[in-house]
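Please read it alongside the sequence and the model.

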Amino acid sequence: MTPTNSLALLQAMLRIRRIEEALAVRYAEQEMRCPMHLCIGQEAIAVGVCAGLSVKDVVFGNHRAHGHYLAKGGSLNALVAELYGCSTGCCGGRGGSMHLIDLEAGFLGSTPIVGGTVPLAVGAAWAAVLKNENRVSVVFFGDGCFEEGVMHESLNFAALHRLPIIFICENNEFSVYTHLSERQPQRLIYRLAEAHGMTSYTGDGNDVEEVLAIADRAVGLARQGNGPQFIELHTYRWREHCGPNFDDDLNYRSEAEIENGLKDCPIVRFTAKLKQSMPTIGAEVERFEAEIREEIATAFDFALSSPKPSSEDARTGIYA
Amino acid sequence: MLDSGKRTLSYAQAVREGMDQAMERDPNVIVIGEGVPDPKMIFNTTAGLREKYGAKRVFDMPLAENGVTGICIGAALSGMRPVMVHQRIDFALLAMDQLVNNAAKWHYMFDGKASVPLVIRMIVGRGWGQGPQHSQSLQSIFAQVPGLKVVMPATAYDAKGMLMAAIEDDNPVIFIEHRWLHHVTDVVPEEEYRVPLDRAKVLHRGNDVTVAAFSHMTMEALQAARALGSQSVGVEVIDMRSVRPLDVGTVAESVRKTGRLLVADTAFKTGSIAAELISQIAEREFASLKSAPKRVASPDHPTPTSHFMADEYYPEPITIADAVLELAGIEQNGIDYPRLQRELCRDRPLDIPNRNFSGPF
């Protein structure tokens with residue numbers, strides 16, 4: 001990997017982190033009046049996977065999709081405006097944090113029903129084959145998705161028709177406050193996908209270079225007609241399931257576990273690694289931080305000065 | 001309705017022809033469903049399509065109703081126009097998440113940035129012991145959801161025209177066929193045509209009672225109307241055709257003339273679309289009503305399998321005629337009731353549409 005590429009990965013992760021931290025701070029003002037699921041701590045997966053995609057490749061996300069959307073190139077202004085319920089939001093205020101879309105960036109949509117977008121991504125891959133279009137489809141989902149029937153129905157169909165899709169399982173071990181061990185027997189998720197008949201991988205979801213390396217290989221194989229690819233990546237959700245805060249006081253996970261999770265920060269880890277070959281990394285990071293601060297300030301200004309939709313608007317657009 | 005000299009097709013043949021012409025016109029139209037290319041070809045409604053359009057447009061499917069519905073939605077978002085088929089509407093219940101949360105909402109929740117041009121054909125079963133899970137008529141469940149369109153053509157002419165219109169529509173359309181309509185014939189033009197998805201149609205004129213009927217009940221209502229008409233009881237039969245949107249205007253216009261409304265539905269009575277239609281007429285046309293509206297519908301219990309229990313389950317043409325007489329305040333001794341019975345009461349067995357019908361159900 002070239003230094004430029006490495007810095008781009010670092011910058012992309014840092015950007016998502018700082019954006020979500022800014023959202024978390026201003027969420028307390030109660031003007032972003034919608035449920036919000038932050039991906040702080042999990043940024044390496046979205047960034048590593050999307051780094052290997054082109055604009056025409058399509059991505060679907062889930063309820064925790066800010067990172068997916070931003071990594072694929074979704075508009076920050078339209079995201080923040082959406083959270084504030086403005087007409088200029090990516091859904092005109094109809095969706096909020098749990099429904100993001102940016103067609104120009106190839107981000108086809110995110111929704112909060114667990115497993116809801118998985119078959120849609122398969123359908124997009126199916127259409128690419130039927131229309132003879134050279135693009136791959138990517139879908140992000142959590143470990144909880146493996147308890148949903150639609151996940152297995154989607155894997156089955158993708159394998160049957162050898163579709164160009166990459167399934168990305170972000171395994172953070174929690175569904176809301178319920179640990180994986182209370183929901184699934186001891187087994188390896190990616191091996192289930194393998195049993196459905198596809199090439200499957202697993203890796204450290206907090207190591208952005210590893211994510212990129214696996215995703216690059218998977219995307220390449222899918223693009224060359226080798227059928228669906230499945231990647232399970234292990235990561236950690238830092239904050240509460242839904243909302244801006246840490247929720248360590250609830251004691252649903254141990255202090256030691258939380259401490260280990262935070263220590264495993266993908267940004268800290270990657271910065272430390274880069275520092276070995278780039279002694280000036282500190283200056284680069286400072287430059288990124290300044291750029292991101294300005295971009296965030298602009299996005300909040302945009303949202304807060306945007307027109308608001310009316311009840312009248314809500315009654316339109318039910319049908320195409 | 002038959003006009004001699006013009007071509008007639010059965011409803012099933014009309015569906016097949018509509019499908020064929022839609023596929024011929026637009027290469028993005030694909031069809032998928034359990035049994036679509038199998039030897040029975042969804043009661044012959046998909047006959048010959050795989051031979052003509054190939055395996056890349058005509059698909060059988062894994063037994064994964066919810067997943068494949070989502071896959072069809074994803075394909076529809078990506079430029080295809082999928083037509084999905086369920087041999088029984090009951091199977092579609094497995095797909096409610098994708099239908100209600102995704103198909104119906106996508107256009108609205110993403111502010112019109114994308115839409116889901118998807119048709120889902122669902123067939124209502126009846127007879128030969130189809131029983132609790134193979135003969136439900138669930139239109140009101142789908143019709144409750146904004147973002148879905150729901151149609152139930154009753155004639156072969158409308159089946160072809162509404163299917164073509166549904167496939168060209170940019171929204172998800174639930175296209176409900178009643179199995180007992182598949183063999184019913186009508187004049188069906190060979191050329192392409194479309195029938196709007198939001199208009200009821202008056203099929204029989206009359207001044208005394210309005211009967212608004214859905215799907216197969218339209219055929220039952222027409223029989224009742226003809227028999228009563230020959231005894232000077234004027235029944236106006238409206239084939240509702242669409243369930244969502246519901247063409248209340250056409251019914252209101254008729255009720256302003258007759259003052260009496262009977263709604264004949266194929267579904268369970270409680271929470272039915274018949275109930276909705278009566279609510280809306282009561283709100284809009286209360287002053288025109290000379291008597292309380294009535295419903296003829298299936299009873300509020302699951303469909304039994306044994307024909308000994310099922311024989312009286314379904315409303316028959318005579319059930320409709322009786323309800324019309326009650327609404328019009330006509331006593332049985334005020335007309336030639338035995339003649340009405342002779343004309344409208346079917347001979348047993350009642351669990352087949354007619355004596356020539358030998359299945360499949």
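Two residues are taken to be in contact if their C-beta atoms, placed from the backbone, lie within 7 Å. The model is predicted. On that basis, 34 residues of chain A are in contact with 34 residues of chain B.

**Contact between the chains**

- On the side of chain A that touches chain B, the elements giving two or more residues are β2 (107–110), α5 (118–130) and α6 (149–160) of chain A.
- Helix α5(A) supplies the largest share of that side, with ten residues.
- By class, the side of chain A that touches chain B comprises 20 nonpolar, eleven polar and three charged residues.

**Chain A**

- Chain A has twelve helices and eight strands.
- The radius of gyration of chain A is 19 Å, close to the 20 Å given by the globule rule for 320 residues, so chain A is as compact as a globular protein of that length.
- Taken along the principal axes, the C-alpha atoms of chain A fill a box of roughly 55 × 50 × 40 Å.
- Of the 320 residues in chain A, 50% are buried.
- Of the contacts in chain A with a separation of 6 or more, 75% are between residues 24 or more positions apart.
- In helix α2 (residues 43–50) of chain A, eight of the eight residues are buried, so this helix is largely enclosed by the rest of the structure.
- The buried residues of α2(A) are A:E43, A:A44, A:I45, A:A46, A:V47, A:G48, A:V49 and A:C50.

**Chain B**

- Chain B has 14 helices and 14 strands.
- With a radius of gyration of 20 Å, close to the 21 Å that the globule rule gives for 361 residues, chain B is as compact as a globular protein of that length.
- The C-alpha trace of chain B spans about 65 × 45 × 45 Å along its principal axes.
- Buried residues account for 56% of the 361 residues of chain B.
- Where contacts in chain B join residues at least 6 apart in sequence, 81% of them join residues at least 24 apart.

**Domains of chain B**

- Chain B is divided into domain 1 (8–187) and domain 2 (201–344).
- The C-alpha centres of domain 1 and domain 2 of chain B are 27 Å apart.
- Domain 1 of chain B gives 23 residues to the contact, and domain 2 of chain B gives 22 residues.
- On the side of domain 1 of chain B that touches domain 2 of chain B, α7 (139–143), β6 (149–151) and β7 (173–178) of chain B are the elements that give two or more residues.
- That side of domain 1 of chain B holds 13 nonpolar, eight polar and two charged residues.

**A sheet in chain B**

- Five strands of chain B form an open sheet with mixed pairing, in the order β9-β11-β10-β13-β14.
- Strands β9 (201–204) and β14 (294–298) of chain B are the edge strands, each pairing on one side only.
- On average, and with direction ignored, neighbouring strands of this sheet are turned by 25° against each other.
- Helix α11 (residues 273–285) of chain B packs on the sheet and touches β10, β13 (261–268) and β14 of chain B.
- The direction of α11(B) makes about 155° with that of β13(B).
- Strands β10 (residues 209–213) and β11 (residues 235–239) of chain B pair in the parallel sense over five bridges.
- B:A213 has B:D239 in β11(B) as its bridge partner.

Notes:
Residues are numbered from 1 along each chain as its sequence is written. Chains are lettered from A and ligands numbered from 1 in the order in which they are written. This is a predicted model: local features need pLDDT of at least 70, side-chain atom pairs count only at pLDDT 80 or more; totals for chains, interfaces and linings use all residues. Helices (H or I, at least four residues) and strands (E, at least two) are DSSP runs, numbered from the N terminus. Ala, Val, Leu, Ile, Met, Phe, Trp, Tyr, Cys and Pro count as nonpolar, Asp, Glu, Lys and Arg as charged, and the others, Gly among them, as polar. Two strands pair if DSSP finds at least two bridges between them. Axes are lines fitted to C-alpha atoms, for helices over the stretch in contact, and angles run from 0 to 180 degrees between N-to-C directions. Domain bounds come from an automatic or database domain assignment. The radius of gyration is taken over C-alpha atoms; the globule rule is 2.2 Å times the number of residues to the power 0.38. A residue is buried if 20 or more other C-beta atoms lie within 10 Å of its own, exposed if 12 or fewer, and partly exposed in between; C-beta atoms are placed from the backbone.
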